[in-house]
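Hi,

Here is the structure I promised to pass on. Have a look at it first, and then read my notes below.

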Amino acid sequence: MAEKQMPPITPEKHEQLLSIFGRLLPLVDSLADKLRLLWILGLLAAIWLVVWCYVLKHYALGITATMGIVALLPSLILARFWWALEELKSLPDIAGEMVGDAKSELRESVQNFRAGKMPKLGFFSAGKSLWSIGAMAAEASELVGSYISVATLVNPFMLVLGVISLFSVFLLFFVGIVLAFFV
């Protein structure tokens, strides 16, 4: 049975990918920092709204809790976008480690098989195999988790929710300032 060989990446394409990542990573990092700041501002504004309603204006606990949850929703959506951008920053490292581990394991297995060194079935070798499979599965899980987070960034519905959340956090922040100084 012939093995399918993947064509290697040409040096030009490799350099092009590196240059794209070189330009994209600072942009992603800057956007993640700004979203983290907005998430913190939204969280503080929601806490202030709860304190203002319950402690200062003596609203009922149910009304205060409802207002707090509604005020917290935009911050939670922004936190999801922030988390997706943070995972996107580490995606090249995870993919590179996973590919490197898989190549070395496969190369070692093929060399042992061709040399006639069949692994002995024993308790310790089975444990070692399970350990390496578990490590590779953990890396695959991290990679799949990163792809799921990237789906947040490209889903049109989530993007619309993110834009609405940005405006909501700004509005909530200004409402908090008005409540603090004028009401």
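Buried residues account for 21% of the 183 residues in the chain. The accessible surface comes to about 13600 Å², and 74% of that surface belongs to carbon and sulfur atoms.

Keep in mind as you click around that this is a predicted model. The pLDDT averages 77 over the chain, and 61% of the residues score at least 70. Where is the confidence lowest, and where is it highest? It is lowest in helix H3 (residues 123-154), with a mean of 62, and highest in helix H4 (residues 156-181), with a mean of 91. Where pLDDT is low, the predicted coordinates should not be read in detail.

Now the layout. You will find four helices and zero strands, so from the N terminus on the elements simply read α-α-α-α. If you take the contacts with a separation of 6 or more, 87% of them are between residues 24 or more positions apart.

Is Ser75 buried or exposed? Its relative accessible area is 1%, which is under the 20% cut-off, so Ser75 counts as buried. Leaving out neighbours within four places in sequence, Ser75 is in contact with Trp39, Gly42, Leu43 and Val169.

Trp39 turns up again among the aromatic rings: ring pairs link Trp39, Trp82 and Trp83 into a cluster. The count of aromatic pairs comes to four. One of them joins Trp52 and Tyr59, with ring centres 6.2 Å apart. Why is this pair called edge-to-face? Because the planes of the two rings stand at 85°, and anything over 60 degrees gets that label.

Last stop, Val150, which is found in helix H3. Val150 has a relative accessibility of 21%, so it falls between the 20% and 50% cut-offs and counts as partly exposed. Val150 and Leu88 are 62 residues apart along the chain, yet their C-alpha atoms are separated by 6.8 Å. Remember, though, that helix H3 is where confidence is lowest.

Cheers

Methods. Residues numbered from 1 in each chain as written. Predicted model: local features only at pLDDT ≥ 70, side-chain atom pairs only at ≥ 80, totals over all residues. Heavy atoms only, no water. pLDDT = per-residue confidence, 0-100. Helix = DSSP H or I, 4+ residues; strand = E, 2+ residues; numbered from the N terminus. Buried < 20%, exposed > 50% of the residue type's maximum accessible area, 1.4 Å probe, protein only. Contact = heavy atoms within 4.5 Å. Areas by Shrake-Rupley, 256 points an atom, 1.4 Å probe, with all protein chains shown as cover. Phe/Tyr/Trp six-rings, centres within 6.5 Å; stacked < 30°, edge-to-face > 60°.
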